[in-house]
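Open your viewer and keep the sequence panel beside it. This tour tells you what to select at each stop.

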Amino acid sequence: MPMENIGEAVLRRARPEDAADFARLAIESSPGFFPALFGTHAAAVLREFFRHRGHVLSHEHTLVAEVGGRVAGMALAYDFRRRVVRELRTGLLVATHLPLRILRLATFLVRAQRTLGRLQRDEYYLSNIAVHTDFRGRGLGTRLLREVESSARRSGCRRVVLDAERDNEKAIRLYTRLGYSVIERLPVLRLAGRSFEFLRMSREVVRGRA
Ligand SMILES: CC(C)(COP(=O)(O)OP(=O)(O)OC[C@H]1O[C@@H](n2cnc3c(N)ncnc32)[C@H](O)[C@@H]1OP(=O)(O)O)[C@@H](O)C(=O)NCCC(=O)NCCS
């Protein structure tokens, strides 16, 4: 296991060339969900989508943490503005790249839009966060999350919201330790014969505003 000092981790905006690392980490952040959504070639789909702009899985919304020149972690997050346009563009990408899946996915995406990733005014959405196994438990997840909160403040948002899979105890413990609380249990989502249960968690990031 590499022992580079996490204190020397560099946080930077992702670039299209980070696609392979992004796809690997995104699947680690939701190992059941992305394959259920995009099929057995989920990693290839994520790599392709990541290179495009203007939709919810784009490099333009992603922050990466580099340690010793290696991508050690990532966080994908964006604000409430233009969410609908970005989701429509994601749907368009699915239709272009996965024409055989679009019918099956359409119903799911419409349902999911009302639950997963739903955003109100002033909210900033943490869609995915993951740290490579070699670098976990050393504060990198905390740094990425705090940086997402700074971005939320800079874009004028009042709170960060996220949807954690109910059985992801490790992530939920991290969020709770950092001041997030569960505000809602989302309706069960079914896809590809599987059920997904998410908890919506949230934290106010602007002090002094109720
Ligand atoms: C969840 C995840 C992103 C956390 O990343 P991480 O880098 O391990 O996070 P941190 O190191 O900041 O915190 C993890 C634990 O290490 C502890 N820790 C942090 N720095 C430490 C240090 N220097 N020494 C010892 N322990 C430390 C933290 O206190 C925390 O403890 P906790 O589990 O009791 O809360 C990571 O486990 C992961 O990628 N999981 C798979 C993907 C995933 O589930 N994503 C979330 C989807 S909702």
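**Stop one: the cavity**

The residues that line the largest cavity divide into five nonpolar, two polar and one charged. Here Ala, Val, Leu, Ile, Met, Phe, Trp, Tyr, Cys and Pro count as nonpolar, Asp, Glu, Lys and Arg as charged, and the others, Gly among them, as polar.

This is a predicted model: local features need pLDDT of at least 70, side-chain atom pairs count only at pLDDT 80 or more, and totals for chains, interfaces and linings use all residues. Residues are numbered from 1 along each chain as its sequence is written, and side-chain values use heavy atoms, with hydrogens and water left out.

Select Arg13, His61, Leu63, Ala75, Ala77, Tyr124, Val148 and Ser151, which line the largest cavity. On a 1 Å grid over the protein atoms alone, a cavity is a set of points where a 1.4 Å probe fits but cannot get out; a pocket is an open set with protein on both sides within 12 Å along at least five of seven lines; lining residues have an atom within 4 Å of a point. The largest cavity holds about 50 Å³ of space. A volume is the space filled by probe spheres set on the points, which are joined across faces, edges and corners.

Now color β3 (70-79) and α6; each supplies at least two residues of this lining. Helices (H or I, at least four residues) and strands (E, at least two) are DSSP runs, numbered from the N terminus.

**Stop two: the largest pocket**

Move to the largest pocket, with about 1400 Å³ of space. Its lining has 50 residues; select Ser29, Ser30, Ser127, Asn128 and Asp163, the closest to its centre. By class, the lining has 28 nonpolar, 13 polar and nine charged residues.

**Stop three: the ligand**

Where does the ligand sit? It sits in the largest pocket, as more than half of its atoms lie within 2 Å of the pocket's grid points.

Next, look for polar contacts (pairs of N or O atoms within 3.5 Å). A backbone N or O atom of Gly137 is 2.8 Å from a ligand oxygen atom. At Gly141, a polar backbone atom also lies 2.8 Å from an oxygen atom of the ligand. Finish on Arg173, where a polar side-chain atom is 2.9 Å from a ligand oxygen atom.

Note on methods
A polar contact is a pair of N or O atoms within 3.5 Å; within protein, one must be able to donate a hydrogen and the other to accept it, and residues adjacent in sequence count only if both atoms are side-chain atoms.
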